[in-house]
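Please open the model in your viewer and keep the selection panel at hand. The stops below say what to select next and what is there.

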Amino acid sequence: MKKLIRGSCFILCILSMCLALSTAVRAQAPAAAAAAAAAAPPAAPADAELKGALAKAPSTSDLAKGDPGGAITGTLNDVPIADSKAGPTVTDVGTQVGQNKIAINFVWTLVTGFLVMFMQAGFAMVESGLCRVKNANHTYMMNFFVYTAGLFSYWLIGFAIQMGGAAGNGNLGGLQSLSVEHTTSLFGKTWGLFGGTGFFLSGHTYDVGVMVIFLFQMVFMDTALTIVTGACAERWKFLAFCVSSSIMGAITYPLYANWAWGGGWLSQLGVNNQLGKGYCDFAGSGVVHAVGGMTALAVSLIVGPRIGKFNRDGSSNPIIGHDISAVLIGCFILAFGWFGFNPGSTLGASANGNLRIGTIAVDTMLAGCTGTLGAMLYMWMKNGKVDASMSGNGLLAGLVAITAPSGFVSSVGACIIGVIAGFLVCLSVAFIENVMKVDDPVGAISVHGTCGLWGVLSVGLLADGTSNYGGSWNGVTGSVTGLFYGDPSQLVAQLVGISTLIGFVFTFSFLINLALEFFVGQRVSVATEVAGLDLPEMGQLGYPEFVLKPEPDVLLQAEKGYAVA
Amino acid sequence: MAATRSQGSYYTLFLVASTVLCAGIFVGGGKGVLLLLIGAVGLLASLFGMLKIKSLEGKTAMKPGPTAMKLIGAFVAGLGWVITLFGMHLTPSVGGRLVLALVGIGVSLFGMIVVLPAAFNKNAVWKS
């Protein structure tokens, strides 16, 4: 019995010891792990260097003394650190560098977008200044409301059509939520037709990068829309203008813009058909200005000329605008806004060759300068007088023409493009008025349509192959190079774009506005036109305290004739 | 007659209907189709409303031109684009494509600056 008790005690002791040992081992495991961790290799040298740099960074007491030279403001202290105990790491610094790049590009794109938005004021002044005083309120109001009409329809659907499949822009963080491009297969190749995400900027497109690209693209779209109001001024019914502009902002502009900028088929001409780098339109001579110009021509044809513009024998009468100072100040505002239009089209100032923004800005400036010279000297030599409104149009013509090639040409190329545009706008105004018998009160069709097409063409001729926006353009490796610098296929791509502007955009706009002529009626009544559109359409004169001078005899007779008939 | 309350009402309807239609495209599915149909009906209603009040707005300084000629002009302008597009696939040579693109542009320009202005100017009021 004693043996049994001793044996049991021994077994219990053994069991107790085993239990105690296992508990001890379990308790020692974290300590062992900690010891193992302590024995791990030291922090990466770069991290250690960062910690050293942090120790040397100016302290708060240093900064409290003030920093008039800016030498100690903005140091490693300002880099957000994920783990304050671990100190700054290479990952922290890398994250901040990436954020800085995107932040610079966001701010650049937004600020240049704000400049482009301000161009609306310039357009309003130019167009109203070139109209008679009795239509000033109406013309200003069209330029004012086109911003709202276009913006609303672009937010509804236009942006989705244009940019819904434009994912992949590294400057703005990738824009990966814009990932749906509807395509078709033709001749064994896939062609982008229109985008499919971004309606109402909702769903996955409720994204910081998408908001930036929306704002920038929206103000471009609005520029295209406001071109039409100038060509149809002084006789376009406000209701028809509202509906037409809404449709243009929703469908016409976004469709062509998708093809050129949103990953559509024009931009794929290089990948699919080996035509240079595909259709290249850096800032929109074609996408913005020629689309506006072609639509302006289509609507002007439908709306018809103003009463008294043409005589029975087909000769034309000048109808002088009421405020040349507004015209020229408006031109300067537009030239200022163009520094947003062209350099902003890099969509960034950091990385991917975006430092070319200086060249782009200078090209823009020079083309405007030589455009003015071309138009002013042409009119001076032709008529013996300097024509102020045509000089203003020359400035705009040069700026319109340089818009597409501004990212690809040298300063000499920009001067050539501008001066040709200056001459071209004078010839085009005369041709449209005297040969086509189309009434364009402000010369918008010539400035934006004709010179926009010239700008698109000039890329295929004068792009010098020195630009390098991340090593490729439209998915094709290399720089955009024109005919005179060795790549004739680029010229063909540009011609396809021009053909699309004339053959598709013009025809599409024409048919839509012909349908609106049937449903809405594009033109105001004779009584309204003779009285001036301000009171009948707006209910208020533009300048209520002005005493209106009677119209010239030729216009009075024409107005009387229409009123009697 | 100039701008009226009816015009404002029909444009408001146009905008609301456009919004509903786009919401239908965005929502998709059964609800989307319903919204799309409501939007389309609203758009048509606004357009026919504008058509109804159009005749009240008085005579314009325009005479109706030959509609067929206008449509032919638009067709010719569009045809040039088609020539350019198919020209890209007819030949792989840059020179051949260049010529066909120029032919397409020429045809489009003929429709745009010759046929259509002639159609609109045929019965132009300023001629009488």
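**A pair of helices in chain B**

Begin by selecting α1 and α2 of chain B, which are roughly antiparallel to each other (an angle over 145 degrees, between N-to-C directions). This is a predicted model, in which local features need pLDDT of at least 70 and side-chain atom pairs count only at pLDDT 80 or more, while totals for chains, interfaces and linings use all residues. Residues are numbered from 1 along each chain as its sequence is written, and chains are lettered from A in the order in which they are written.

Helix α1 covers residues 5-27 of chain B and helix α2 covers residues 29-54, and the two pack at an angle of about 160° with their axes 7 Å apart. Helices here are DSSP runs (H or I, at least four residues) numbered from the N terminus.

**The whole of chain B**

Along its principal axes the C-alpha trace of chain B spans about 55 × 55 × 20 Å.

**Where chain A meets chain B**

Finally, show both chains: the contact (C-beta atoms, placed from the backbone, within 7 Å) takes 53 residues from chain A and 47 residues from chain B. On the side of chain A that touches chain B, select α15(A), which gives the largest share, 18 residues.

Definitions and conventions. Axes are lines fitted to C-alpha atoms, for helices over the stretch in contact, and angles run from 0 to 180 degrees between N-to-C directions. Angles under 35 degrees count as roughly parallel, over 145 as roughly antiparallel, 65 to 115 as roughly perpendicular and the rest as oblique. Two residues are in contact if their C-beta atoms, placed from the backbone, lie within 7 Å.
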